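Hi,

Here is the structure I promised to pass on. Have a look, and then read on for what turned up in it.

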Amino acid sequence: MYLNKEQERALLGENGPAVAKAMEILVALGKIFEAEKLIPCTSSQISGVSYKNIGSAGADFLWDFAEMGAKAVIPSYINPAGMDMERYAEMNLTSEYIQGQLKIVRAYAKMGVSTTLTCAPYQIGVEPSFREHVAWAESSAVIYANSVLGAMTNRESGVSALCSSITGLTPYYGLHLEENRSAEILFRVGCELSDPVDYALLGLYSGRLAGSKLVAFEGLSPDREDMKALGAALASTGGVAMFFIKGKTPEWRVTEGASLIDVEPSDLENERAKYTDDGQDGAEAITIGCPHASLAEIAKVANLLRGRRLKKPLYIYTARKLKEQADELGYTEIIERAGGSIFCDTCMVVSPINRMGFKTLKMSSGKAAHYSPSMSQVGVRLLPLEKIILSETETV
Ligand code: F3S
(Lines give C-alpha, C1' and ligand atoms only; values in the text may rest on other atoms or scores of the structure.)
Protein backbone atom coordinates (compact mmCIF):
# COMPACT_ATOMS: atom_id res chain seq x y z
CA MET A 1 0.00 0.00 0.00
CA TYR A 2 1.34 3.43 -0.94
CA LEU A 3 2.16 5.78 1.95
CA ASN A 4 3.42 9.30 1.39
CA LYS A 5 6.51 10.53 3.27
CA GLU A 6 4.51 12.14 6.05
CA GLN A 7 2.49 8.95 6.60
CA GLU A 8 5.66 6.85 6.59
CA ARG A 9 7.20 9.06 9.25
CA ALA A 10 4.00 8.89 11.32
CA LEU A 11 4.12 5.09 11.06
CA LEU A 12 7.72 5.16 12.31
CA GLY A 13 6.73 7.18 15.36
CA GLU A 14 7.53 10.77 14.44
CA ASN A 15 4.18 11.94 15.84
CA GLY A 16 4.35 9.80 18.97
CA PRO A 17 3.51 6.21 19.90
CA ALA A 18 -0.29 6.56 19.77
CA VAL A 19 -0.26 7.87 16.18
CA ALA A 20 2.26 5.15 15.21
CA LYS A 21 -0.04 2.47 16.71
CA ALA A 22 -3.08 3.91 14.92
CA MET A 23 -1.15 4.03 11.62
CA GLU A 24 -0.01 0.44 12.11
CA ILE A 25 -3.61 -0.73 12.56
CA LEU A 26 -4.92 1.23 9.55
CA VAL A 27 -2.08 0.01 7.31
CA ALA A 28 -2.71 -3.60 8.37
CA LEU A 29 -6.42 -3.16 7.63
CA GLY A 30 -5.66 -1.55 4.29
CA LYS A 31 -3.40 -4.44 3.31
CA ILE A 32 -6.09 -7.00 4.18
CA PHE A 33 -8.59 -5.22 1.91
CA GLU A 34 -5.97 -4.40 -0.76
CA ALA A 35 -6.42 -0.65 -0.38
CA GLU A 36 -4.09 1.22 -2.69
CA LYS A 37 -3.54 4.07 -0.16
CA LEU A 38 -4.88 5.93 2.84
CA ILE A 39 -7.15 8.91 2.23
CA PRO A 40 -8.18 11.80 4.49
CA CYS A 41 -11.58 11.49 6.17
CA THR A 42 -13.53 14.33 7.71
CA SER A 43 -15.16 12.68 10.73
CA SER A 44 -15.18 9.47 12.69
CA GLN A 45 -18.00 7.81 14.59
CA ILE A 46 -16.78 5.26 17.08
CA SER A 47 -18.59 2.19 18.43
CA GLY A 48 -17.32 0.14 21.37
CA VAL A 49 -18.46 2.46 24.13
CA SER A 50 -20.76 0.37 26.31
CA TYR A 51 -19.15 -1.33 29.30
CA LYS A 52 -21.69 -4.11 28.77
CA ASN A 53 -20.05 -4.82 25.39
CA ILE A 54 -16.34 -4.12 25.92
CA GLY A 55 -15.92 -4.71 29.67
CA SER A 56 -12.87 -3.90 31.75
CA ALA A 57 -10.40 -5.05 29.07
CA GLY A 58 -11.87 -2.50 26.64
CA ALA A 59 -11.89 0.23 29.29
CA ASP A 60 -8.20 -0.44 30.09
CA PHE A 61 -7.24 -0.46 26.38
CA LEU A 62 -8.93 2.92 25.81
CA TRP A 63 -7.45 4.46 28.95
CA ASP A 64 -3.95 3.26 28.05
CA PHE A 65 -4.36 4.62 24.51
CA ALA A 66 -5.40 8.00 25.93
CA GLU A 67 -2.41 7.92 28.32
CA MET A 68 -0.12 7.23 25.34
CA GLY A 69 -1.16 10.66 24.04
CA ALA A 70 -3.83 9.65 21.49
CA LYS A 71 -5.71 12.76 20.35
CA ALA A 72 -8.49 13.15 17.81
CA VAL A 73 -7.43 15.31 14.85
CA ILE A 74 -10.84 15.28 13.10
CA PRO A 75 -14.36 15.74 14.54
CA SER A 76 -15.05 12.44 16.31
CA TYR A 77 -18.18 11.15 17.97
CA ILE A 78 -19.09 8.14 20.11
CA ASN A 79 -21.90 5.63 20.18
CA PRO A 80 -24.21 5.16 23.18
CA ALA A 81 -22.77 3.98 26.47
CA GLY A 82 -24.14 1.25 28.71
CA MET A 83 -25.96 3.71 30.98
CA ASP A 84 -27.46 7.18 31.17
CA MET A 85 -24.48 9.23 32.33
CA GLU A 86 -26.66 11.24 34.73
CA ARG A 87 -29.42 8.80 35.72
CA TYR A 88 -27.43 5.59 36.14
CA ALA A 89 -28.59 5.29 39.75
CA GLU A 90 -32.06 4.39 38.37
CA MET A 91 -30.70 1.49 36.30
CA ASN A 92 -29.85 -1.04 39.03
CA LEU A 93 -26.18 -1.31 38.01
CA THR A 94 -23.26 -2.57 40.06
CA SER A 95 -20.64 -0.06 41.18
CA GLU A 96 -18.03 -1.99 39.17
CA TYR A 97 -20.16 -1.46 36.05
CA ILE A 98 -20.66 2.25 36.75
CA GLN A 99 -16.94 2.84 37.39
CA GLY A 100 -16.00 0.90 34.25
CA GLN A 101 -18.43 2.90 32.12
CA LEU A 102 -17.22 6.21 33.54
CA LYS A 103 -13.64 5.22 32.76
CA ILE A 104 -14.52 4.50 29.11
CA VAL A 105 -16.29 7.80 28.55
CA ARG A 106 -13.49 9.71 30.34
CA ALA A 107 -10.90 7.98 28.13
CA TYR A 108 -12.70 9.15 24.98
CA ALA A 109 -13.03 12.67 26.40
CA LYS A 110 -9.29 12.68 27.24
CA MET A 111 -8.62 11.83 23.59
CA GLY A 112 -10.65 14.84 22.48
CA VAL A 113 -13.58 12.78 21.15
CA SER A 114 -16.99 14.49 21.52
CA THR A 115 -19.02 12.55 24.06
CA THR A 116 -22.18 12.72 21.99
CA LEU A 117 -23.11 9.15 23.02
CA THR A 118 -25.54 8.63 20.18
CA CYS A 119 -25.84 6.15 17.33
CA ALA A 120 -27.68 8.73 15.21
CA PRO A 121 -25.25 11.67 14.94
CA TYR A 122 -27.11 12.76 11.80
CA GLN A 123 -29.99 13.78 14.11
CA ILE A 124 -27.83 16.20 16.10
CA GLY A 125 -26.33 18.10 13.19
CA VAL A 126 -23.53 15.73 12.14
CA GLU A 127 -24.54 15.21 8.52
CA PRO A 128 -21.65 14.53 6.15
CA SER A 129 -22.43 15.74 2.68
CA PHE A 130 -22.64 13.87 -0.61
CA ARG A 131 -19.31 12.19 -1.54
CA GLU A 132 -17.68 13.17 1.76
CA HIS A 133 -15.31 10.45 3.03
CA VAL A 134 -15.89 9.55 6.69
CA ALA A 135 -14.98 6.64 8.97
CA TRP A 136 -18.08 5.56 10.86
CA ALA A 137 -18.56 2.39 12.84
CA GLU A 138 -22.14 2.10 14.11
CA SER A 139 -23.83 -0.10 11.52
CA SER A 140 -27.13 1.81 11.49
CA ALA A 141 -25.28 5.13 11.10
CA VAL A 142 -23.02 3.70 8.38
CA ILE A 143 -25.94 2.55 6.25
CA TYR A 144 -27.74 5.86 6.80
CA ALA A 145 -24.65 7.90 5.88
CA ASN A 146 -24.02 5.93 2.68
CA SER A 147 -27.62 5.50 1.55
CA VAL A 148 -29.57 8.54 2.71
CA LEU A 149 -26.81 11.16 2.77
CA GLY A 150 -24.61 9.82 -0.04
CA ALA A 151 -21.49 10.10 2.15
CA MET A 152 -18.82 7.41 1.76
CA THR A 153 -17.84 5.07 4.59
CA ASN A 154 -17.04 1.44 5.13
CA ARG A 155 -18.48 -0.41 8.09
CA GLU A 156 -15.62 0.37 10.45
CA SER A 157 -14.93 -1.34 13.75
CA GLY A 158 -14.70 0.72 16.92
CA VAL A 159 -10.91 0.38 16.86
CA SER A 160 -10.43 1.32 13.20
CA ALA A 161 -12.76 4.34 13.57
CA LEU A 162 -10.73 5.43 16.61
CA CYS A 163 -7.51 5.08 14.59
CA SER A 164 -9.05 7.27 11.88
CA SER A 165 -9.89 9.76 14.56
CA ILE A 166 -6.23 9.88 15.71
CA THR A 167 -4.74 10.07 12.19
CA GLY A 168 -7.48 11.70 10.10
CA LEU A 169 -7.02 8.86 7.58
CA THR A 170 -8.90 5.79 6.39
CA PRO A 171 -7.93 3.00 3.96
CA TYR A 172 -9.18 3.61 0.43
CA TYR A 173 -11.25 0.54 -0.45
CA GLY A 174 -14.84 -0.71 -0.45
CA LEU A 175 -17.50 1.99 -0.35
CA HIS A 176 -14.96 4.81 -0.70
CA LEU A 177 -14.74 3.79 -4.36
CA GLU A 178 -17.66 4.77 -6.55
CA GLU A 179 -17.50 1.59 -8.63
CA ASN A 180 -18.24 -0.53 -5.55
CA ARG A 181 -21.41 1.37 -4.73
CA SER A 182 -23.82 -0.77 -6.70
CA ALA A 183 -26.62 -3.13 -5.64
CA GLU A 184 -26.20 -6.84 -6.26
CA ILE A 185 -29.79 -7.65 -5.27
CA LEU A 186 -32.92 -5.81 -6.40
CA PHE A 187 -35.97 -6.35 -4.21
CA ARG A 188 -39.29 -5.63 -5.95
CA VAL A 189 -41.70 -4.81 -3.14
CA GLY A 190 -45.27 -5.74 -3.94
CA CYS A 191 -46.93 -4.62 -0.75
CA GLU A 192 -47.97 -1.37 0.85
CA LEU A 193 -45.69 -0.20 3.68
CA SER A 194 -47.37 2.35 5.90
CA ASP A 195 -45.34 2.56 9.11
CA PRO A 196 -41.63 2.55 10.06
CA VAL A 197 -42.23 -0.92 11.54
CA ASP A 198 -43.20 -2.19 8.08
CA TYR A 199 -39.90 -0.84 6.77
CA ALA A 200 -38.10 -2.50 9.68
CA LEU A 201 -39.75 -5.84 8.79
CA LEU A 202 -38.66 -5.41 5.17
CA GLY A 203 -35.13 -4.66 6.38
CA LEU A 204 -35.01 -7.71 8.65
CA TYR A 205 -36.30 -9.93 5.83
CA SER A 206 -34.08 -8.58 3.07
CA GLY A 207 -30.99 -8.25 5.27
CA ARG A 208 -31.14 -11.97 6.00
CA LEU A 209 -31.18 -12.72 2.27
CA ALA A 210 -28.55 -10.14 1.35
CA GLY A 211 -25.75 -10.96 3.80
CA SER A 212 -23.17 -8.24 3.18
CA LYS A 213 -24.27 -7.38 -0.38
CA LEU A 214 -25.64 -3.95 -1.28
CA VAL A 215 -29.35 -3.93 -2.06
CA ALA A 216 -31.84 -1.86 -4.03
CA PHE A 217 -35.61 -1.58 -3.66
CA GLU A 218 -38.36 -0.83 -6.15
CA GLY A 219 -41.92 0.03 -5.18
CA LEU A 220 -41.22 2.08 -2.05
CA SER A 221 -41.90 5.67 -1.11
CA PRO A 222 -40.31 6.15 2.31
CA ASP A 223 -39.55 9.25 4.35
CA ARG A 224 -36.34 9.61 6.36
CA GLU A 225 -37.76 7.90 9.48
CA ASP A 226 -38.77 4.93 7.32
CA MET A 227 -35.29 4.78 5.78
CA LYS A 228 -33.69 4.96 9.22
CA ALA A 229 -35.78 1.95 10.34
CA LEU A 230 -35.12 0.06 7.10
CA GLY A 231 -31.36 0.62 7.21
CA ALA A 232 -30.93 -0.28 10.89
CA ALA A 233 -32.79 -3.56 10.32
CA LEU A 234 -30.88 -4.38 7.09
CA ALA A 235 -27.63 -3.89 8.97
CA SER A 236 -28.79 -6.23 11.77
CA THR A 237 -29.88 -9.46 10.09
CA GLY A 238 -27.34 -8.72 7.34
CA GLY A 239 -24.07 -6.85 7.10
CA VAL A 240 -25.57 -4.47 4.55
CA ALA A 241 -23.77 -1.10 4.44
CA MET A 242 -25.81 0.65 1.73
CA PHE A 243 -29.20 0.51 0.03
CA PHE A 244 -30.73 2.28 -2.94
CA ILE A 245 -34.33 3.40 -3.46
CA LYS A 246 -35.14 4.94 -6.81
CA GLY A 247 -36.07 8.60 -6.46
CA LYS A 248 -35.44 8.62 -2.71
CA THR A 249 -31.73 7.97 -2.16
CA PRO A 250 -29.16 10.30 -3.77
CA GLU A 251 -27.65 7.36 -5.66
CA TRP A 252 -29.31 4.61 -7.68
CA ARG A 253 -27.05 1.94 -9.11
CA VAL A 254 -27.90 -1.69 -9.77
CA THR A 255 -25.27 -4.08 -11.08
CA GLU A 256 -26.07 -5.67 -14.41
CA GLY A 257 -27.31 -9.18 -13.80
CA ALA A 258 -28.26 -8.41 -10.17
CA SER A 259 -30.49 -11.01 -8.49
CA LEU A 260 -34.19 -10.11 -8.51
CA ILE A 261 -36.35 -10.95 -5.52
CA ASP A 262 -40.07 -10.24 -5.28
CA VAL A 263 -41.30 -9.37 -1.80
CA GLU A 264 -44.87 -10.49 -1.08
CA PRO A 265 -47.06 -9.43 1.86
CA SER A 266 -46.70 -12.94 3.30
CA ASP A 267 -42.90 -12.50 3.52
CA LEU A 268 -43.36 -9.57 5.87
CA GLU A 269 -46.10 -11.33 7.84
CA ASN A 270 -43.79 -14.30 8.40
CA GLU A 271 -41.12 -11.89 9.53
CA ARG A 272 -43.55 -10.17 11.90
CA ALA A 273 -44.38 -13.52 13.51
CA LYS A 274 -40.69 -14.11 14.33
CA TYR A 275 -40.58 -10.97 16.44
CA THR A 276 -43.71 -11.34 18.47
CA ASP A 277 -42.45 -14.32 20.44
CA ASP A 278 -45.30 -16.68 21.17
CA GLY A 279 -48.03 -14.50 19.74
CA GLN A 280 -49.02 -13.27 23.21
CA ASP A 281 -49.61 -9.60 23.82
CA GLY A 282 -48.08 -9.12 27.29
CA ALA A 283 -44.88 -7.28 28.12
CA GLU A 284 -43.55 -5.57 31.25
CA ALA A 285 -42.24 -2.40 29.64
CA ILE A 286 -42.10 -0.40 26.42
CA THR A 287 -38.85 0.74 24.83
CA ILE A 288 -38.58 3.25 22.00
CA GLY A 289 -35.54 4.68 20.23
CA CYS A 290 -33.37 2.26 18.29
CA PRO A 291 -31.63 3.91 16.52
CA HIS A 292 -31.92 6.79 18.98
CA ALA A 293 -35.30 8.54 18.80
CA SER A 294 -35.50 11.68 16.69
CA LEU A 295 -37.25 14.79 17.95
CA ALA A 296 -40.14 13.93 15.62
CA GLU A 297 -40.53 10.50 17.23
CA ILE A 298 -40.45 12.03 20.73
CA ALA A 299 -43.08 14.55 19.61
CA LYS A 300 -45.21 11.71 18.24
CA VAL A 301 -45.06 9.83 21.55
CA ALA A 302 -45.88 13.01 23.49
CA ASN A 303 -48.88 13.70 21.26
CA LEU A 304 -50.15 10.14 21.65
CA LEU A 305 -49.77 10.43 25.44
CA ARG A 306 -51.66 13.71 25.81
CA GLY A 307 -54.47 13.14 28.33
CA ARG A 308 -53.50 9.49 28.82
CA ARG A 309 -51.68 7.49 31.49
CA LEU A 310 -49.32 4.57 30.85
CA LYS A 311 -50.15 1.18 32.34
CA LYS A 312 -46.48 0.14 32.36
CA PRO A 313 -43.04 1.76 32.23
CA LEU A 314 -42.02 3.39 28.97
CA TYR A 315 -38.43 4.32 28.17
CA ILE A 316 -37.44 6.48 25.24
CA TYR A 317 -33.73 6.51 24.34
CA THR A 318 -32.22 9.49 22.59
CA ALA A 319 -29.24 11.84 22.38
CA ARG A 320 -28.87 14.28 25.27
CA LYS A 321 -29.02 17.21 22.87
CA LEU A 322 -32.44 16.08 21.62
CA LYS A 323 -33.70 15.46 25.15
CA GLU A 324 -32.82 19.08 25.95
CA GLN A 325 -34.88 20.20 22.96
CA ALA A 326 -37.72 17.92 24.06
CA ASP A 327 -37.54 19.55 27.52
CA GLU A 328 -37.80 23.02 26.01
CA LEU A 329 -40.69 22.07 23.76
CA GLY A 330 -42.66 20.55 26.65
CA TYR A 331 -42.60 16.97 25.29
CA THR A 332 -40.66 15.61 28.27
CA GLU A 333 -43.20 16.98 30.71
CA ILE A 334 -46.12 15.33 28.85
CA ILE A 335 -44.26 12.01 28.65
CA GLU A 336 -43.24 12.07 32.32
CA ARG A 337 -46.71 13.10 33.45
CA ALA A 338 -48.08 10.03 31.68
CA GLY A 339 -45.53 7.85 33.51
CA GLY A 340 -42.80 7.56 30.86
CA SER A 341 -39.10 8.46 30.96
CA ILE A 342 -36.53 9.72 28.48
CA PHE A 343 -33.07 8.24 28.95
CA CYS A 344 -30.03 9.72 27.23
CA ASP A 345 -26.59 8.37 26.26
CA THR A 346 -27.69 4.73 26.18
CA CYS A 347 -30.30 2.34 24.78
CA MET A 348 -32.31 -0.80 25.52
CA VAL A 349 -29.71 -3.03 23.82
CA VAL A 350 -26.39 -1.70 25.08
CA SER A 351 -27.56 -1.24 28.70
CA PRO A 352 -28.33 -4.25 30.89
CA ILE A 353 -32.10 -3.73 30.78
CA ASN A 354 -32.77 -7.20 32.17
CA ARG A 355 -31.31 -5.94 35.48
CA MET A 356 -34.31 -3.61 35.69
CA GLY A 357 -36.45 -6.71 36.08
CA PHE A 358 -38.04 -6.92 32.63
CA LYS A 359 -38.49 -10.21 30.80
CA THR A 360 -40.45 -9.05 27.75
CA LEU A 361 -40.48 -5.67 26.02
CA LYS A 362 -42.79 -4.05 23.52
CA MET A 363 -40.85 -2.07 20.94
CA SER A 364 -41.15 -0.49 17.51
CA SER A 365 -37.55 -1.12 16.42
CA GLY A 366 -36.59 -4.00 14.13
CA LYS A 367 -32.95 -3.73 15.14
CA ALA A 368 -33.70 -3.84 18.87
CA ALA A 369 -36.16 -6.70 18.33
CA HIS A 370 -33.44 -8.64 16.55
CA TYR A 371 -30.71 -8.11 19.17
CA SER A 372 -32.61 -7.93 22.47
CA PRO A 373 -33.22 -11.67 22.95
CA SER A 374 -29.54 -12.57 22.55
CA MET A 375 -27.91 -9.45 24.01
CA SER A 376 -30.32 -8.69 26.82
CA GLN A 377 -32.06 -12.03 27.39
CA VAL A 378 -35.53 -10.51 27.02
CA GLY A 379 -38.47 -11.47 24.84
CA VAL A 380 -39.79 -8.96 22.30
CA ARG A 381 -43.03 -7.81 20.74
CA LEU A 382 -42.37 -5.75 17.62
CA LEU A 383 -45.33 -3.45 16.92
CA PRO A 384 -46.08 -0.01 15.45
CA LEU A 385 -45.45 2.81 17.91
CA GLU A 386 -49.03 4.07 17.78
CA LYS A 387 -50.47 0.63 18.48
CA ILE A 388 -48.14 0.15 21.45
CA ILE A 389 -49.03 3.47 23.04
CA LEU A 390 -52.76 3.10 22.51
CA SER A 391 -52.84 -0.45 23.89
CA GLU A 392 -50.73 0.39 26.95
CA THR A 393 -52.46 3.56 28.11
CA GLU A 394 -55.79 4.66 29.54
CA THR A 395 -57.45 8.05 29.48
CA VAL A 396 -57.23 10.22 32.60
FE1 F3S B 1 -28.44 2.67 18.68
FE2 F3S B 1 -28.61 1.00 20.63
FE3 F3S B 1 -30.04 0.63 18.49
S4 F3S B 1 -26.77 1.91 19.91
S5 F3S B 1 -28.88 1.51 16.83
S6 F3S B 1 -30.20 2.35 19.92
S7 F3S B 1 -28.88 -0.93 19.55
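This is a predicted model: local features need pLDDT of at least 70, side-chain atom pairs count only at pLDDT 80 or more; totals for chains, interfaces and linings use all residues.

To start: how many bridges join strand β2 to β4? Two do, and β2 (residues 44-46) and β4 run parallel.

Numbering starts from 1 along each chain as its sequence is written, and side-chain values use heavy atoms, without hydrogens and water.

Strands here are DSSP runs of E, at least two residues, and helices are runs of H or I, at least four, numbered from the N terminus. Strands pair if DSSP finds at least two bridges between them.

β2 and β4 belong to an open three-stranded sheet, ordered β3-β2-β4 with parallel pairing. At its edges sit β3 (76-78) and β4 (135-136), each pairing on one side only. Helix α6 (residues 158-167) packs on this sheet and touches β2, β3 and β4, contact being heavy atoms within 4.5 Å.

Now the helices: the axes of α8 (residues 224-237) and α13 come within 7 Å and cross at roughly 30°. Axes are lines fitted to C-alpha atoms, for helices over the stretch in contact, with angles from 0 to 180 degrees between N-to-C directions. Angles under 35 degrees count as roughly parallel, so α8 and α13 are roughly parallel to each other. A232, A235, S236 and T237 of α8 meet K367, H370 and Y371 of α13.

Cheers

Technical notes: Angles under 35 degrees count as roughly parallel, over 145 as roughly antiparallel, 65 to 115 as roughly perpendicular and the rest as oblique.
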